[in-house]
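Hi,

Here is the structure I promised to pass on. Please open it beside this email and follow along.

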Amino acid sequence: MTTAELLLHPVRLRIVQAFLGDRALTTLRLRELLPDVATATLYRQVATLAEAGILEVAEERRVRGAAERTYRLRTGSALIDAEAAAQLTVEQHRAAFAVFAAGLLADFDRYLARGDVDLGRDLVGYRQAALHLTDDELGELITELAGVFARRMALPPEGRTRRLLTTVLMPAD
């Protein structure tokens, strides 16, 4: 299976997203984070991601005679690079974006379902802006943003709230 096929499965995508932010998680913790996913499905999809090298075992210990594994995302493994993206058909891109957008909608629904929702207090936002840029200017912007994000992504999780930042960049009419 290609990386695109692995990541564009709705459950596997959610599993990978659960690990974002340099998290190490057991399958038990994943079950808590993804309570709507059947246990057998979760274990099967974690095994698929591990076999493919997307997840790696960070730690293994014995708990009541069974092996409890703690997994982490292998750095750089959960990416569909430009070369792989170029191999996808238009229909595969459409399907991939639909999975991505559905996952984003599901994330927002889970946020809203928490109760006590206050977008201002929680610093939640969604917006769209139009930029008029040459390809070179866009390249500079992407490089600058990558530096800003890299510095923040390197911060340790202690005392901080895990936040998801999602971007979509495309030309507009």
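Predicted model: local features only at pLDDT ≥ 70, side-chain atom pairs only at ≥ 80, totals over all residues.

Residues are numbered from 1 along each chain as its sequence is written, and side-chain values use heavy atoms, leaving out hydrogens and water.

Start with α2 (residues 10-19) and α6 (residues 90-113). Helices here are DSSP runs of H or I, at least four residues, and strands are runs of E, at least two, numbered from the N terminus. The axes of α2 and α6 come within 10 Å and cross at roughly 60°. That makes α2 oblique to α6 (under 35 degrees is roughly parallel, over 145 roughly antiparallel, 65 to 115 roughly perpendicular, the rest oblique). Axes are lines fitted to C-alpha atoms, for helices over the stretch in contact, and angles run from 0 to 180 degrees between N-to-C directions.

Now α4. The axes of α2 and α4 lie 10 Å apart, at an angle of about 75°. The two helices, α2 and α4, are therefore roughly perpendicular.

Last, the core. The largest nonpolar core has 18 residues. Such a core is a set of buried Ala, Val, Leu, Ile, Met, Phe, Trp, Tyr and Cys residues joined through side-chain atoms within 4.5 Å; buried means under 20% relative accessible area (1.4 Å probe, protein chains only). Ile 15, Phe 19 and Val 46 are among those with the most contacts inside it. The largest share of this core, five residues, comes from α2.

Best wishes

Technical notes:
Buried < 20%, exposed > 50% of the residue type's maximum accessible area, 1.4 Å probe, protein only.
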